[in-house]
Amino acid sequence: MNYLLSWIIWLPILGMVTIAFIPRDKSELIKQVAAIVSGIQLLLTIYLWRIFDQSVGTFQFMERAEWIPSFNITYILGVDGLSFPMVFLMALIGFIGVFVSWNIDKAVKGYFSLFLLLNTGVMGVFLALDFFLFYIFWEVMLLPMYFLIGIWGGPQREYAAIKFFLYTLAGSVLMLIAILALYFTCGKTFDMLVLMETAPVALNGMLWWGMSAIKVIWVLLFIGFAIKVPVFPFHTWLPLAHVEAPTAISVILAGVLLKLGIYGMLRINYTMLPDGVFWFAGALAVLGLINVIWGAMCALAQKDLKKLVAYSSVNHMGYTLIGMAAVIAASTMNGDNLISAQAGMGGAVFQMFNHGTISAMLFILVGVIYDRAHHRDIDGFGGLAAQMPIYTAFVAVAFFAGLGLPGFSGFISEAMIFIGAFPVFKTIVIISTLGILLNAAYFLWAFQRIFFGPANEKYNDLPEINTRELFTVVPLAVITLILGIYPRPFLDMISATLNVLIDSVVSLGGFTSAF
Amino acid sequence: MSNFNSLAYYWPELILTVTILVAVIADLCYRREQSINVAWWVLGGLALTLFAVRMGGSSVSPLFMGMVASDPFSDFFKVLILLSTALVILMSFNSNELKDYRVGEYFSILSILSFGLFLMVSAIDILMVYLAIEIVSIMSFFLAGYLKKNPHSNEASLKYVIYGAFSSGIMLYGLSILFGLTGTTKFFEMQNAISSLGSDSNLALILSVVFILVGFGYKISAVPFHFWTPDVYEGSPTTITAYLSVAPKAAGFALLIRFFNQVFGDGTAMTSESWMAVNNLPWPELMAVLAAATMTVGNLVAIQQNSVKRMLAYSSIAHAGYMMMALPLMSQSGVYGIMIYLVVYLFMNLGAFFVLIYVQSEVGGETFNDFDSLGWKMPFIGILMTLFMVSLTGLPPTAGFIGKFYIFASVIEAGSQYYWLAFVGALNSVVSLYYYIRVVKHMYLIGERSESIGLPSSNLVTLVLIVLAIPTFIFGWYFGPLTDWVNQSFVIYQGM
């Protein structure tokens, strides 16, 4: 199949068009079409995985087509070990998300159309290798998200939706300026592959208003991506959006959308501005640390279960930042410790994937209890373990995975991050292990309050988790467990690409006196 | 070229003149109820004019002893003017506000107005500039006050007259200083004379630049000459508001581009990739500050509006600001950016106003609350309005993004001295999201799926809206044809 990546991206649009022709009363049919389309998409990504060559660190399955020659805009797609896990994650969570949304009964047609459009946007960002195309996909996600939160969300949905929209748009216009600045300073091209080669050289020593061009562009891009991650202090939209969004959208938001920020930094900042990586790595680690501690503290204070999970996302993404910062360990200046850099970067990417599966699981499970009890107040339950043993077991799995218990995938990635970052950021790593403790505290405390203790009379007849819900949780739990015991397949898939990335960061950056 | 020879190149204007006369005569023959039929005569004339413009070829020459120029650059704007006039006329059939009035002369005045705009985009002599601006202004005063029984409309017209007279007076003063310094009224002779002036006359030059900017700024409603805009836009019939926010603005930009870059440019007459200001006059800096002020004020005030019509009025000020960003750059790509933006802006802004006209006639109001749950009741209108709002915000994949993209690209290309302007512009488009999406919020986030779906009652409205929506969407991701057209149109008369 020559246009495999295009099919993966555009298939949901095909589904959207199909849905547009279905009368709006046939809601079952609409759901089935959405399920089939995302099912095929998932199968295609699995097929892609089978034929993906792990030993190659560069882009595979490239597609290239003329688009707007007068501005040097091309349609370029490609996949490598960094983007493939994300593509797979999106396909998986997109597929599961359809089943999570099965209960939606308000304007089903609109919901699933937007859901599929969102899917296309996210896939496009992960696969685009032309900066213009990347930006278009990046923005295409916003409108469906706005509607999905704003129409199908909770009581404060209007505010949450507009806050999300404004925050992300503010980030992305800064990104647009950075993209244009790169375009005009580095040979008038949007082709990322070319920019990766020309940008580090072209920007070297360039000054704008007395500031180094590398620093300016780095910061602009970083803010754009950091809002998506979200990095403290840009995180305030996240808990709100999560709490108000319908379950399936929270799942996509936490599971995939937050990764876009990290992905963008690794794909763009790291490759095009390697000098900036060395300049910013310390700040990155510190921001990561703040995310870890701040997220955990906030989670500890929450009464709303969904908000707790939302803050746990802030906490988990913090580890990723610390791991990413460890890349500088490989340079001669910081100890020539390639293994550390590999562990840190590998841990960061692995953590992204794990957070995707684990937080998706957490949000689905929160949705399950919310559907039954119609509230998410942690203190409003009690003794649920007796009524819903299977549900309790799955929540236990998800919580333990979330707090990084050995045997679950989260443990491996966090351990890798600490191992990698320790040689360069000793203090930060030591303090951030405190985060793990807080992590355990808020999960276990919440677990205890919900499932143990005296049974709440009100919930004596809560129905057990049903088959459809199990169907959405089990695959995620299985992946978490398997990768927790045997992470090799995943690490093998990303290592070649990460080695190339580390190599380019270290060889192109860090020793110039650009600033 | 002599007057007689010029006529051969003047078919579009001649046809338009005949159209005006036919419209006036036809109006006399119709009875009051039937006077709307004048519109068809005017539309026919506009179609013929468009044909003549397109047939005109790419000749570049001065006409009527150097009063106006015939070049692809002005043809480009003429097409925009014709297009917006025709669309506004089509939409006027459905306007509720005009129902109580005899509308025959409404259409003939509109065609006179477009004739004035034709002169404005091709003028290369300051006498012609003044004449064109006055034709346009006076016709606009009539149209703004067309709703005789509506006090708001009367107020709009009167305010418009006072502001218009005041600012064109100041502009005339600026032009006379310029004439006094150079002794000529022709753009290119003026440029020559200015570049040989000593630095002791810089003060007088700067004064005349400022005064002239007052007149031009009034035409494109730039801050701080924008105070008439919201009241006039609110009081006028909405069809006219739509027209005023697009066609005269486009013509105003054409004039600004030609006048400032050729008279106050370095004499290369926009033939090189980029050029400088004559005698290092600081007009680009002035213009940059005005651009930043225009979009910021427009956006910040638009947020506070409760009437969608007034919001769109302020938003059109903001859009003028975005386009003005590219004026101080003095580069070809900046002018391209403005031209692309104007095309895109025509479609999306007329679209937004036309939806508003339709909502006015169906719901009976023009505040945000009148849009409540409209997306559920009238999905067609809801989706189109969402498209226009998203496009006005400048989000991909809509045409509005492409317009902003080209403007920002030209600003960034001009080098780091204008990066601050790009930042201001970028942050402004974030601010604008808030009030544009507020319309969408009222349409969709309020209310539920309704059982009865309303389709537009008139096929004409449906057709016009679709005609506007298609380019608004298509140009968002396939803008090759658009840039090609602009590219071909960038042939500008450069003097003898």
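## A pair of helices in chain A

Is the crossing of α17(A) and α18(A) left-handed or right-handed? In this predicted model, it's left-handed.

In chain A, α17 covers residues 409–421 and α18 covers residues 426–451. Their axes come within 10 Å of each other and cross at roughly 165°. Angles over 145 degrees count as roughly antiparallel, so α17(A) is roughly antiparallel to α18(A).

## Who touches whom

So which residues make the contact between these helices? From α17(A) you get A:E414, A:F418 and A:A421. On the α18(A) side, look for A:V429, A:S432, A:T433 and A:I436. Sort these contact residues by type and you'll find four nonpolar, two polar and one charged.

## Where chain A meets chain B

Now zoom out to the two chains. Chain A puts 38 residues into the contact, and chain B puts in 42. The size of an interface is often given as the accessible area lost when the parts come together. Here, chain A and chain B bury about 3,700 Å² between them, and 78% of that is on carbon and sulfur atoms.

## Salt bridges across the chains

How many salt bridges are there between chain A and chain B? The count is two. A salt bridge also links A:K188 with B:E413, and the closest N and O atoms there are 2.9 Å apart.

Technical notes:
Residues are numbered from 1 along each chain as its sequence is written. Chains are lettered from A and ligands numbered from 1 in the order in which they are written. This is a predicted model: local features need pLDDT of at least 70, side-chain atom pairs count only at pLDDT 80 or more; totals for chains, interfaces and linings use all residues. Side-chain values use heavy atoms; hydrogens and water are left out. Axes are lines fitted to C-alpha atoms, for helices over the stretch in contact, and angles run from 0 to 180 degrees between N-to-C directions. Helices (H or I, at least four residues) and strands (E, at least two) are DSSP runs, numbered from the N terminus. Angles under 35 degrees count as roughly parallel, over 145 as roughly antiparallel, 65 to 115 as roughly perpendicular and the rest as oblique. A crossing is left-handed if the near helix is turned anticlockwise from the far one by less than a right angle, and right-handed if clockwise. Contact means heavy atoms within 4.5 Å. Ala, Val, Leu, Ile, Met, Phe, Trp, Tyr, Cys and Pro count as nonpolar, Asp, Glu, Lys and Arg as charged, and the others, Gly among them, as polar. Buried area is the accessible area (1.4 Å probe) that two parts lose on being put together, summed over both. A salt bridge is a side-chain nitrogen of Lys or Arg within 4 Å of a carboxyl oxygen of Asp or Glu.
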